[in-house]
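Open the model in your viewer and keep the sequence panel beside it. The stops below are given in the order to select them.

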Amino acid sequence: MANPNSPTALRRALVQHCKNKDPHAVQEILARLDTAVNPDNHAAFVRAVDSGSWECAKLLLPVCDLTNHTFMGKALKTAALNNDLAMAQHLVNAFPKVLSNAGNDFNEVLRVLARANHAQMVSVLLPAIDRDRRNLEPLNHAADLGHLSVLKVLLKDLPPTVSVSEVLRNAAYSGHAICVEALLPLTGATARAAALTFACKNQRQEAFDVLYTQVHPDLVEAYMNEHHVHHTDRRLFDERLAQEAQKRALHKAVASSANASPQGMDTPRRKM
């Protein structure tokens with residue numbers, strides 16, 4: 001028969017008490033266990049985080065290896081994916097550098113949060129994540145789904161050397177004009193011409209309208225020709241060019257008509 005007082009049995013009970021959010025029971029179990037740091041206590045800590053009980057998690061901190069970034073990263077990922085803002089903030093405040101060596105898994109977490117439009121959680125996590133370890137995936141997902149609040153949070157802390165041209169193309173192709181507008185100040189003319197082309201390809205009128213005012217038509221024409229864009233994929237652009245040509249022709253005709261005198265208007269009639 002298994003000994004209910006063995007370390008294995010006690011730690012199994014510890015996990016259950018953390019799941020039940022019972023700090024008093026957790027304290028009682030810890031009093032019967034060795035107080036030394038032990039990786040076997042990590043499962044209970046993650047369970048406490050998963051259940052949203054900071055009280056239980058705090059009790060376990062002295063017996064967990066807090067220098068283990070993999071373990072701490074897992075705990076914070078659990079809170080993040082649960083969108084438990086309070087728990088995530090507790091962990092970030094207690095261990096501000098917990099993610100600096102946790103690997104690239106947090107790009108996946110940010111990606112999931114971006115898709116779920118959890119801007120507040122993204123804001124909580126970003127200060128703890130090494131900027132050099134981030135990639136564009138979370139930004140791409142926010143732009144693709146039109147999650148402007150998440151996009152703005154991610155852009156605030158973006159290293160200045162990172163190009164968001166790809167993100168702008170995704171926003172344009174998906175037709176999210178508000179995201180296109182947010183990205184425009186961070187992109188150049190070529191990136192805008194490319195994004196306008198993507199908006200054309202997917203018939204995204206609003207995104208096209210925003211971009212058309214921000215890039216010269218000649219540059220768009222050159223980009224489309226260089227990339228051999230099929231005529232069916234550039235319909236919005238060609239229609240806009242035709243409309244503008246018609247306007248110019250009409251304006252010219254009106255101006256010419258206004259400047260021309262009617263025949264015989266300035267010639268005085270002969271007296272009979």
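How many residues does helix H5 have, and what does it reach from its first C-alpha to its last? Select residues 69–81: H5 has 13 residues and reaches 18 Å, close to the 18 Å expected at 1.5 Å a residue. Helices here are DSSP runs (H or I, at least four residues), numbered from the N terminus, and the expected span is 1.5 Å times one less than the number of residues.

This is a predicted model, in which local features need pLDDT of at least 70 and side-chain atom pairs count only at pLDDT 80 or more, while totals for chains, interfaces and linings use all residues. Residues are numbered from 1 along each chain as its sequence is written, and side-chain values use heavy atoms, with hydrogens and water left out.

At the start of H5, show Asn 68: a side-chain oxygen of Asn 68 comes to within 3.1 Å of the backbone nitrogen of Thr 70. After H5 comes Asn 83, with a positive phi near 55°.

Next, colour H5 by burial (buried: under 20% relative accessible area, 1.4 Å probe, protein chains only). The buried residues of H5 include Phe 71, Ala 75, Leu 76 and Ala 79.

Now select Leu 91. Contacts (heavy atoms within 4.5 Å) of Leu 91 beyond four places in sequence are Phe 45, Val 49, Trp 54, Ala 75, Leu 76 and Ala 79.

Finish at Asn 41, in the loop between helix H2 (23–32) and helix H3 (42–51). Asn 41 counts as buried because its relative accessibility is 1%. Beyond four places in sequence, Asn 41 is in contact with Arg 11, Leu 14, Ala 36, Val 63 and Cys 64.

How values were computed: Helices (H or I, at least four residues) and strands (E, at least two) are DSSP runs, numbered from the N terminus. Buried means under 20% relative accessible area, exposed over 50%, partly exposed in between (1.4 Å probe, protein chains only). A polar contact is a pair of N or O atoms within 3.5 Å; within protein, one must be able to donate a hydrogen and the other to accept it, and residues adjacent in sequence count only if both atoms are side-chain atoms.
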